[in-house]
Amino acid sequence: MKILVTGAAGFIGYHLSELLLSRDHQVVGIDNINDYYDVNLKYARLNQLGVDKETAAVFGQETTSQSKNFKFIRINLEDREAINQLFQQEQFQVVCNLAAQAGVRYSIENPHAYVDSNIVGYVNLLEACRHTKVEHLVYASSSSVYGLNSKIPFSTKDTVDTPISLYAASKKSNELMAHTYSHLFGFATTGLRFFTVYGPWGRPDMAAYLFAEGIRKEEPIKVFNHGKMERDFTYVGDIVQGVMRIIEGEVATRKEKNELYKVYNIGNNNSVKLSDYIENIEKNLGKKAQKNMMDMQPGDVAKTWADVTELIEDYGYSPNTTVEEGVKKFIDWYKIYNNLK
Ligand SMILES: NC(=O)c1ccc[n+]([C@@H]2O[C@H](COP(=O)([O-])OP(=O)(O)OC[C@H]3O[C@@H](n4cnc5c(N)ncnc54)[C@H](O)[C@@H]3O)[C@@H](O)[C@H]2O)c1
């Protein structure tokens, strides 16, 4: 299968590309390699995919990889011309959109970054899918669309009309626009509401990495909502297995069943106390955290928990990595990446 993975230098995009390549798919990865967090981590991930930094850094330059089925191009989703040209040239069967301006808190200071990447860029992809007859667009939504929903676990049947951050609003609008395009132009769209993904090569702006950094450097870590947070932490390996099943899944049957538009939760089906998560990081680093207890952050929610029944039923999704196993794998990688003994 010929697949476009956007955000291929990102955390989930890198893992997904690696998995798809191991299954002999032809993968084209794009990313604008923005500096929302350390670009060296993005280049290091690309390096794992066989792409070197010097060539990957040039906008618009096609970079072949040591892996024969992978190539990478640095492109902005907002660059409509470049996106159209790429789609015309490659004629993708499936597109997996993981490129986005991520982060809930950052959207309060930098709203335009979200509109540029998550709205303008996303519409460019929808249009390119439409005009080049892409069969299936799989795209990242987010658990943040549940906003202040207090019904647990979160179900895709719950109403999600009350986002409390611009990030969440941008992801919800992705789902709405996907519905329009599936309806009008007859291609399958699958939105995936990810729930706090963690694991090796993880994002430095997310809890696992921030906590590990603080504990290692013996600096206080910020613990929001005075530690009374719970999250459906999902191991990245489980996530990409699920995404891969959807990408490889049949779309013809969805067409017959009139189910071209779909949205799923993709989480671990379990909510873990933040204090237990921190304890696992402490154990694996062999050091205790200094906790700076803080109030709840604007735009944040106290508890997330994904009901993943639909994804299990429709695609045989099977998250099976416990937080103990997943945090160990994350810290093992973290130590190597940061040259720690
Ligand atoms: N990691 C999580 O816990 C989580 C949770 C919910 C949703 N998501 C969503 O999943 C997707 C992947 O997340 P991630 O954790 O891998 O994030 P990430 O930031 O590591 O990856 C996103 C990549 O997209 C690229 N990008 C951003 N804007 C772009 C643009 N306009 N054009 C081209 N490239 C662009 C970035 O450079 C980055 O490498 C995102 O859509 C995110 O919103 C992630």
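This is a predicted model: local features need pLDDT of at least 70, side-chain atom pairs count only at pLDDT 80 or more; totals for chains, interfaces and linings use all residues.
Leucine 166 belongs to helix α7, residues 166–185, and with a relative accessible area of 36% it is partly exposed.

Let me turn to helix α2, residues 39–48, whose buried residues are Leu41, Lys42, Tyr43, Arg45 and Leu46. Those buried residues pack against α1 (11–22), α3 (53–56), β4 (70–74) and α13 (323–337). At the N-terminal end of α2 the cap is aspartate 38, which has a side-chain oxygen 3.0 Å from the backbone nitrogen of asparagine 40, while just after the helix glycine 50 takes a positive phi of about 85 degrees.

Next, the aromatic residues, for which a search of the whole structure finds 25 pairs. In one of them, tyrosine 146 and phenylalanine 195, the ring centres are 6.2 Å apart and the planes stand at 40 degrees, so the pair is tilted. Tyrosine 146 lies in the loop between β6 (136–142) and α7, and phenylalanine 195 in the loop between β7 (188–194) and β8 (197–198), so this pair ties together parts that are 49 residues apart in sequence. Both tyrosine 146 and phenylalanine 195 are buried.

Tryptophan 201 and tyrosine 337 also form an aromatic pair, this one edge-to-face, at 5.8 Å centre to centre and with 65 degrees between the planes. That pair links distant parts of the chain, 136 residues apart, with tryptophan 201 in the loop between β8 and α8 (207–216) and tyrosine 337 in helix α13. Tryptophan 201 counts as buried at 12% relative accessibility, whereas tyrosine 337, at 26%, is partly exposed. These two residues belong to one aromatic cluster, formed by Tyr14, Trp201, Tyr209, Phe330, Trp333, Tyr334 and Tyr337.

Finally, the charged pairs: the search of the whole structure finds 18 salt bridges. Lysine 2 and glutamate 90 form one of them, their closest N and O atoms being 2.7 Å apart; lysine 2 is in strand β1 (residues 2–6) and glutamate 90 in helix α4 (residues 80–90), so to speak distant parts of the chain, 88 residues apart. Both lysine 2 and glutamate 90 are buried.

Glutamate 248 and arginine 23 form another salt bridge, with the closest N and O atoms 2.6 Å apart, and here glutamate 248 in helix α9 (residues 236–248) is linked with arginine 23 in the loop between α1 and β2 (26–31), 225 residues apart. Glutamate 248 is partly exposed at 27% relative accessibility, and arginine 23 is partly exposed at 42%.

A further salt bridge joins lysine 71 to glutamate 62, at 3.2 Å between the closest N and O atoms. Lysine 71 is buried, with a relative accessible area of 19%, whereas glutamate 62 is partly exposed, at 40%. Through shared partners, salt bridges join Lys2, Glu62, Lys71 and Glu90 into one network.

Technical notes
Residues are numbered from 1 along each chain as its sequence is written. Side-chain values use heavy atoms; hydrogens and water are left out. Buried means under 20% relative accessible area, exposed over 50%, partly exposed in between (1.4 Å probe, protein chains only). Helices (H or I, at least four residues) and strands (E, at least two) are DSSP runs, numbered from the N terminus. Contact means heavy atoms within 4.5 Å. A polar contact is a pair of N or O atoms within 3.5 Å; within protein, one must be able to donate a hydrogen and the other to accept it, and residues adjacent in sequence count only if both atoms are side-chain atoms. Rings of Phe, Tyr and Trp (its six-membered ring) pair if their centres lie within 6.5 Å; planes under 30 degrees apart count as stacked, over 60 as edge-to-face and the rest as tilted. A salt bridge is a side-chain nitrogen of Lys or Arg within 4 Å of a carboxyl oxygen of Asp or Glu.
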